[in-house]
Each structure stands twice: as C-alpha cells, then as structure tokens.
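Good morning, colleagues. Please have the display in view as I speak.

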Amino acid sequence: MFNLAHPHLPLQVVEPRSAEEAVRVVRDAAARGERVYPVGTGHGWTHAIEGGVALLTRRLAGVVVDAGMQVARIGAGATWADVLAAAAPHGLAPLAGSAPGVGAVGYLLGGGLSPLGRSFGWASDFVRSAEIVTGRGELLTVSATSHPDLFAALLGGKHLPGVVTSVELGLVELATVYGGGLFFDAADAERVLTEWAVWSALVPDQVNTSAALMRLPDLDTVPTPLRGRFVVHLRLAVVGDAQLAAALVEPLRKLADPIVDTVAELPVAALGAIHADPDQPMPALEAGALLRDFDPAAAAALLAVAGPQVEVPLAVVEVRRLGGRLARAPQRPDSVLGRDAAYGLFVVSAPVPELFAGPVPTAVAALATAMAPWASGGFQPNFVGSLNQPTALDGAWPAGVRERLEHVREHHDPAGVIGH
Ligand SMILES: Cc1cc2nc3c(=O)[nH]c(=O)nc-3n(C[C@H](O)[C@H](O)[C@H](O)COP(=O)(O)OP(=O)(O)OC[C@H]3O[C@@H](n4cnc5c(N)ncnc54)[C@H](O)[C@@H]3O)c2cc1C
C-alpha cells in the first residue's frame, strides 16, 4: 500500500493469479457474508479497510501490446511503469498518470488525468473493453456493446460493483515529448505563479502543464539544490516539434532564474520524470477540488494560505491545467468528471502523522476557503482524499449518471459484496 496513513485490518488477504481465481474469491466471500475490497497499488485509499477480504490484484499483472491494433491488454495489477515500458519499443504510449508506480486500473476507474491529457483526452476515453468479476460472482467482458451500462460505470465511475481483472486500452503514437520541470525559488513564487496562471490559460492543446508549491524534505532522495526548500515547480509536457515546444516554454524560463531546469526532449517512457512524484510508500492526507478558473487573483489567494511566507504542514499544493481535449464531449456514454473544469487543485499533507489530527485539516480548510471563489463545486474521483467531505463525490455526478451508477450497482452487486 502506497499511502500508509490508513492502517488496514482485513480478515483475509488474497492474491488471485487468474480471473477464475478472482471469481472464486468473490463467490466464497459472498457465501460467508463478507465483503471483498479490490486493492491495486494502494495510492488511492482514503480510509482503512476493516474486516472482509482484501483482494490484491498484483499477481494479475501482465501487459501484452498488439502494436498493429495500437492496444495493450493490461492485467489489473500492472502499474503505469509496466505499460509504458511495454508500449515504448513500438513507438506507442498509454495516457499514463504522473507517477509510474500508480496502478493502471485504479487510475482508469477514476477517468485518468494524464500529464498528456490536454493533447489526447482522458485515459478512460481509450479503454476498449474490460473483464470484470461482478459482485454476483459472474465474469463478464464489458465494452460499448456488451453490458454498456457497466462499461460506462467503469469509465470514470470509480467505485465499481465488481473487480476488474484486465483492461484493453488503446495507445497513442508517441515516442517523445518536450517535458520536465522548472523549479523556482521561494523569492520568485509570486511572479512565477501569477504569470503561470496567465500563460496556462492561453496555451494550445499541445501544452500540458501544472504548477506545484512544494515543501521539499531535507533528504538524500531530493536533488541537492532543492533539498529542504520551498519551491514552485512548473511541470510541462509539450507534444509535437521540440523546437516549437521550446519556443512555447521560453516565456516561463524568462520569469526568473530556475534553480533546476529539466525540461528537454524526453522519451515518453520516462514520463514520470515530469512530476517526479515520490515513489516510496508514505503516510499522507489529501484533498482536492475542481476549479472553473485560476487567474492571478486565485494565484495570490493560494499564496496567501500556502505560499513561502506561511508555515503549513502541506508537502504539495498543485494546480493542474485541464481543458483542451479533456473538455471534449465523450464519444460514448461514460462517467468521467472534470470535462467542464479549467483547472484541478490537489493538496498532499506533510508525511507526519502527529500533524494529521489538527494542523493538517486546519491548513486544508483554510486553503479550501481561500479557493472557494474559483471552485466549480465539482470533484474529480482521482483527486479527492480523506480531507474532502465523505459525500463530496456523491453529488459530483450529474443526476442521470448518478442514477445509472446506482442502477448498475443494484443490478451487478445487489448484496453489496464489493467494498471500496
Ligand atoms: C503520487 C500520486 C500520483 C497520482 N497521479 C495521478 C495522475 O496523474 N492522474 C490521475 O488521474 N490520478 C493520479 N493519482 C490518483 C490515482 O490514479 C488513484 O489514487 C488510483 O486509484 C490509484 O490506483 P491504485 O492502483 O493505487 O488503486 P488503490 O489505491 O489500490 O485503489 C483505489 C480505489 O480503486 C479501486 N480499485 C483498484 N483496483 C481495482 C480493480 N482491479 N477493480 C475494481 N476496483 C479497483 C479500489 O477498490 C479503491 O476503491 C495519483 C496518486 C498518487 C498517490
């Protein structure tokens, strides 16, 4: 489990090696009146599992690429690192997330916001079919034409009434991006974040970008010039000609002298270098919200509560630019949230459990109040955490989608065997 903040206490842990074994696990648990909790890499659990059966998917982890069809068959335990590595030799790439260690399936269930998303869309737009063991213990192949309602729930509906055992995912033709990070000093934070807010609102769809206020630990794992510092980290992934991409990024390089500049032509298999997210398990509390805008006034409001002048136990406060192809209407029914938001906000606490009871929630509440004028009122399932209201997501889906999700749950898991 990547996030160690929630100590899990299942009665049993199982690691099926095939879809058929997963069927047996679900049927046996149902017969005992126990719940089954599907677990990927544990990046996304916002609470502890108590009782029941934790079904770890890590032994269902093969990736097979059909280069001609531009598709990868992904076992439910595969990480994005596995899929990126399997696709790269064919000049292909999945719309992976920022951290290669994240489980591909857990991410796809939330829609999947890739650092390439503005250029190509939500990762779940590329799902062609999936195998699911439903709460009734049936093994189904779902697609736009087979069990279409369950398929639509899989595409961004997050808490599925079943265990996904594999997915067929379309890949994009992409070998390199112009990408990486620009790290700026605390003294430049106001200028950098304000100008990034203006710049990011106007960039074409080929530009993918986010900005993070980071309080980096004084550890060997952090590059020397960044250790123990507050920095503003501008992340970039520009698709297309590298020279044109460099010209698009140039205004950011001129904002101030970056402490570190890693932006260069990058093999897409090394996508994880852009955000450089931590890859070791740690405890953290999180919260997120979608924003309808992020203008210079929003940048100022954010800095007032999380900038270098304030002492807050927040390791990362990030703002990701959405829009572009992420705003495109879906080609088939789905449950993705975030198409209508311009930016997404996500907060990760310092990894210090002693601060989880008071200081962290207080800092996050202040941040939510400060950003309220720009909040859309919506949420993205991959970017909510235990510091969001437990019901935040319930109201996030439009009524028609919510009814469909409820209907799918009642039909495929009437006894509520699958827990999340
Ligand atoms: C460092 C970091 C970076 C991230 N970057 C991104 C990003 O760039 N874009 C983005 O969209 N998200 C991102 N996320 C969020 C991430 O996509 C979600 O947390 C996702 O749920 C993680 O998948 P997992 O394999 O860790 O699932 P887990 O944390 O194990 O599970 C999360 C939820 O998914 C369910 N689930 C998992 N596997 C299955 C399955 N096989 N069948 C049915 N249900 C299942 C679980 O039951 C649980 O409810 C990031 C998270 C972290 C911690």
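An open sheet is formed by five strands in the order β4-β5-β9-β7-β8, with antiparallel pairing. The strands β4 (63-66) and β8 (139-143) stand at the edges with a single partner strand each, so one side of each has no neighbour in the sheet. On average, neighbouring strands of this sheet are turned by 15° against each other, direction ignored. Two strands count as paired if DSSP finds at least two bridges between them. Strands (E, at least two residues) and helices (H or I, at least four residues) are DSSP runs, numbered from the N terminus.

Before I go further, a word on the source: this is a predicted model, in which local features need pLDDT of at least 70 and side-chain atom pairs count only at pLDDT 80 or more, while totals for chains, interfaces and linings use all residues. Residues are numbered from 1 along each chain as its sequence is written, and side-chain values use heavy atoms, with hydrogens and water left out.

What lies across β7 (127-134), β8 and β9? Helix α1 (residues 19-32) does, running at about 40° to β7. Axes here are lines fitted to C-alpha atoms, for helices over the stretch in contact, and angles run from 0 to 180 degrees between N-to-C directions.

S166 is placed in strand β9 (residues 162-170). Is S166 buried or exposed? It counts as buried because its relative accessibility is 7%; the term buried means under 20% relative accessible area, exposed means over 50%, and partly exposed is in between (1.4 Å probe, protein chains only). The side chains of S166 and R73 are joined by a polar contact of 3.3 Å. By polar contact I mean a pair of N or O atoms within 3.5 Å; within protein, one must be able to donate a hydrogen and the other to accept it, and residues adjacent in sequence count only if both atoms are side-chain atoms. Leaving aside residues up to four places away in sequence, S166 touches R73, I74, G75, A76, A130 and E131, where contact means heavy atoms within 4.5 Å.

The ligand is our next topic. It is surrounded by 31 residues, the closest being P38, G40, T41, G44 and L113; a residue is near a molecule or strand if one of its heavy atoms lies within 4 Å of it. The shell around the ligand receives at least two residues from each of β2 (36-39), α3 (104-109) and β9. Which element supplies the largest share of that shell? The answer is α3, with four residues.

A polar backbone atom of S98 is 2.8 Å from an oxygen atom of the ligand. A nitrogen atom of the ligand is 2.7 Å from a polar backbone atom of L113, and a nitrogen atom of the ligand is 2.9 Å from a polar backbone atom of V164. Taken alone, the ligand exposes 950 Å², of which the protein buries 95%. Accessible areas come from the Shrake-Rupley method with a 1.4 Å probe; for residues, only the protein chains shown count as cover.

With strand β13 (residues 230-238), β11 pairs in the antiparallel sense over eight bridges, and G179 has A237 as its bridge partner in β13. Four bridges join β11 to strand β15 (residues 264-267), again antiparallel; there, T176 is partnered by P267. Strand β14 (residues 260-261) is joined to β11 by two bridges and runs antiparallel to it, with F183 opposite V260.

Finally, I turn to strand β17 (residues 314-321), which is mostly covered, with eight of its eight residues buried. Seven bridges join β17 to strand β18 (residues 343-349) in antiparallel fashion, and V317 has V347 as its bridge partner in β18. Five bridges join strand β12 (residues 207-215) to β17, also antiparallel, with A212 opposite E318 in β17.
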